[in-house]
Amino acid sequence: MLRTVGSSIAFAIPSIVIYSVVHLAFWPAQMSPDSLDQWQQLLTWRFDDTHPVSGTLLNWMFYQLVPSPAFVVFAHYAMFALATGYFLTELRGWNVALPVVAATAVLFPLFPPNFFLVTTLWKDVPFGTSLIVLTALLVRSARLDFDLSSWEWAAMGAAGIALVLLRHNGIILSVGAFLMLWAVRPARVPAVLLATAQIVAFVISKTFLLSALAASPQSGQLRTIVALPILAAMVRADVHLSPDQERTILAIAPIEAWKSVPCGNVVPFYFNDARVTYADVELGKVFTTAASLAANHPFVALRQELCMTELFWRPWARKHDGLADAPLEITRHPLATELGLTTQSKIPGLADWLRWFHGRYFNGKGPFNRPALYLLTGLIATIRLTIVAKRLLWVAWLPAGWNCASLVFLIQSQEYRFVWPSIAASLLLAAFAIGAEAKRRHGLGPMPAPEADRQLG
């Protein structure tokens, strides 16, 4: 155990150094309107479940140690770096060569989305940490043929519960991943028990925890946002609407407003269009109307879903195509002024260069910023690992894959941070595949004896 901890810390050091330098450039943290809202909840102790209250409580605990967004962000990326270090330590358990692991420890944090996103105060960072930990534990489980101790199963369960508590799609991800372990005979009973534990954690977090904190649940009005893209697609396609369906749609906004909604992003329409109102809307009818229209016009609905999920499957960028990602500042917002938060870069020259780099080479400027490119790389790497290392390694793709699957019907805009945890896992799996392939070419298998590993660990 001590050897594993020491190795994880050693492999985490390059990440912490690189993230710290970027953090100084965007001091005290990058913060979007979502970050500011969650920070205000933390300060006022008035919670609502727009952002899962568990994530806000995690930030509050770090805030008790040092009352600054800078420390909370540091805690976020330090945990993420340690999770990365643990994954790389597990690769050494598979006998992946040290030069490959060491190179990954340096190159992984230099991947621009990694250092941009981990220095932003977003719940997606601890969520990504949990996803990397679960992926590493599944890689370890495959090596040990799922002959795991109670502590190892408990660690997997804890990582799954963290995913459930930190983001609204976490329950789908976690339960889906554990239920798919049913296909692995030694894992069947523990996997089902852990899936049940995820459901219990979800129910407690949405009932008892909200009640204990006097927190407001996510409003029905906000939940309807997931149905709006389908309604907008039907209006744009001029499908026939029944009088009841038309009344429901027009009660929210006029036809011209609906037709102006781009297929890939409903957020500006929902939050910023003055023509949108819910005063005379029966919220349940929004969902039933969207479901009915999708059933009656499946190809329109399919085209809409393909557009909403382009960041999962289209690895090439179109002209003037961009993705919403890190804000590169504390967003200039009335709430930021109210909270007394402004960007105070400690390395302004670096901050300016990073903004230039981001605008010139990253945001919408070619395929290398497309999430789909890295997701496809991770999937291919996992398939290759099942061939050159061990068939059971298909389980390593479960967290990354289920994160994307869980967003298919929940996503409202193409924001990089939603799929970034899956991208990070994909890059680490690609490094694993490179190391395993190198071992194969040298005529050496990547897997040591599990018994020896248990003695060393």
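Trp-45 is partly exposed, because its relative accessibility is 37%. Keep in mind that this is a predicted model. Trp-60 is also partly exposed, at 29% relative accessibility.

Now the rings. A pair of aromatic rings is described by the distance of the centres and the angle of the planes. For Trp-45 and Trp-60 the centres are 4.9 Å apart and the planes stand at 55°, so this pair is tilted. Trp-45 belongs to the loop between helix H2 and helix H3, while Trp-60 is in helix H3, so the pair ties together parts that are 15 residues apart in sequence.

Next, Trp-258 and Phe-269. Their rings also form a tilted pair, with 4.9 Å from centre to centre and 45° between the planes. Trp-258 is in helix H15 and Phe-269 in helix H16, eleven residues apart. Are these two buried or exposed? Trp-258 has 0% relative accessibility, so it counts as buried. Phe-269 is buried too, with a relative accessible area of 5%.

The count of aromatic pairs comes to 19. Ring pairs also link a cluster, and among its members are Tyr-19, Phe-71 and Trp-420.

The charged end of Arg-188 sits over the ring of Trp-182, 5.0 Å from its centre. For Arg-417 and the ring of Trp-122, that distance is 4.4 Å.

Last, a helix contact. H1 and H21 pack at an angle of about 100°, their axes 7 Å apart, which means H1 is roughly perpendicular to H21. Val-21, Val-22 and Ala-25 of H1 meet Leu-350, Ala-351 and Leu-354 of H21. By class, this contact has six nonpolar residues, no polar ones and no charged ones.

Key:
Residues numbered from 1 in each chain as written. Predicted model: local features only at pLDDT ≥ 70, side-chain atom pairs only at ≥ 80, totals over all residues. Heavy atoms only, no water. Axes fitted to C-alpha atoms, helices over the stretch in contact; angles between N-to-C directions. Helix = DSSP H or I, 4+ residues; strand = E, 2+ residues; numbered from the N terminus. Parallel < 35°, antiparallel > 145°, perpendicular 65-115°, else oblique. Contact = heavy atoms within 4.5 Å. Nonpolar A, V, L, I, M, F, W, Y, C, P; charged D, E, K, R; others polar. Phe/Tyr/Trp six-rings, centres within 6.5 Å; stacked < 30°, edge-to-face > 60°. Buried < 20%, exposed > 50% of the residue type's maximum accessible area, 1.4 Å probe, protein only. Lys NZ or Arg CZ within 6 Å of the ring centre and 35° of its normal.
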